[in-house]
Amino acid sequence: MECATLYEQHILTWVSISGAAATVRTTWDPAEEAGEYFTLEKKYATAEGQYRSCLVNGGRYWRMFAETQGWARGYAEFLSGGVCAPWICDHAAVEAVIMLRYLEHFFHVLGKATPLIRQLRAEELSSWSEVAIDFVLAGVWGCGTVSLFKNLREHPGIQFALPTSTDYALVNWNILPLKSEVERINSAFEMSSPSPRVRGLSNSMMFNNPFSKMILANMKQHVKVIVIACDPVSRFEKVFFRQHLCKDAAGVSSEPNQTCHSSIAAALDDRPLLQRYVVGSELQHLRQLFGSRLTVVHQESLRQDPQYVYDAIATIVGAGPFPPRMEFIRYNAHMGPRTGLCDNASQVNALKEFFLPDYEAIESLVSDAGTPRWMVERLRRTRCDRPEEIHRRAPRCPGNVTPSHRMCRGRERMQASETA
């Protein structure tokens, strides 16, 4: 019982560096029980501060999850929060002894009886600064993050923690990461390559996820944030085709739990739906948060000169240019007329007008990044200005891949790339 004894001897110290919120979406945490409300940023700062203080005092920091029988007496059914315990306390001791003792002390100070506990669960926490990454691909979703990911992973000096383009490590709403998750990411890098390589994570939803942005803003200053932007009208039309176009007369969407319209003309009157795909303010916020750490590339520049742009991205993240004559492939593109938007110029212009602030924000960002003026002037071209994308007989590559300026890779190489 050395763990319990050491905890009791210094209980006021351990308790003073415990109690921070453990998750963003929580039904209860000690700070709010005591009458305080913390913003997301303050919750993070409090949890990180307690974690650091816990280490300095010879402890380990744990996430407590407790299921109670106290709902009838005015307590939350689920309790969660950070708990600091002496380093010698293992997982079993934290669950069996430390967490219950912490709750007893906490509620005693508040003058309340400790709720009846059905179940206690503990998970050791770490810090986001322990995640060994050099850059992230943060979106924009629907603009080509998958292509960016799959082409960058072909670089001999770049590696990703997962073989897929969506890693939820920074989108899981844990204010501090589980130690097991940090070890999973770091060990994945170590196992995939014996030689040092630039390390990245990819998730196209990070660009507008407030929690992910906060975590990235507080990570090591060398971590780069790469974002790919694209034509707002083309992006909306693509997303509408995939998720919001009714697939039958009954008005059923091709995606579950999504708003469904019979045509894109009907969607023009659905302002809440259009507003969901506005990105200009989010991109401007990224510039404010990350400054020189942020790189915004435009999908159009990848069409015009993929070798130059990919070399630039690889150099920015610290890997250097790609090998000469590298082939860059465009993934997840849907050729053909899709929604029929391009047959109606007035609808195209209506969408351009709605997304005008997005166009202006994107042009400002890429201009600041040094994009040539002639390229910036092309950024208001939609897919309707590219007949090769509309024609039903546009050339196809195996595996839902479309050619850019070069011929498709051989079928065997394409399939290997898809399953790598």
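These entries record what I looked up in a predicted model.

**Basis.** I number residues from 1 along each chain as its sequence is written. In this predicted model, local features need pLDDT of at least 70, side-chain atom pairs count only at pLDDT 80 or more, totals for chains, interfaces and linings use all residues, and side-chain values use heavy atoms, with hydrogens and water left out.

**Confidence.** I looked up pLDDT, the predictor's confidence in each residue from 0 to 100. Its mean over the chain is 82, and 82% of the residues reach 70 or more. Residues 26-30 fall below 50. The stretch 394-420 also stays under 50.

**The sheet.** I took strands (E, at least two residues) and helices (H or I, at least four) as DSSP runs, numbered from the N terminus. Strands pair if DSSP finds at least two bridges between them. I found an open sheet of five strands with parallel pairing, in the order β5-β6-β4-β7-β8. β5 (158-160) and β8 are the edge strands with a single partner each, so one side of each has no neighbour in the sheet. Three bridges join β4 (residues 135-137) to β6 (residues 198-202), and L137 stands opposite S202.

**Helix α12.** I then turned to residues 280-290, where G280, L283, L286 and F290 are buried (under 20% relative accessible area, with exposed over 50% and partly exposed in between; 1.4 Å probe, protein chains only). These residues cover an arc of only 120 degrees around the axis, by directions from the helix axis to the C-beta atoms, which puts them on the same side of α12. The face turned away from that side carries exposed S281 and Q288. After α12 comes G291, with a positive phi near 55 degrees.

Key
Contact = heavy atoms within 4.5 Å.
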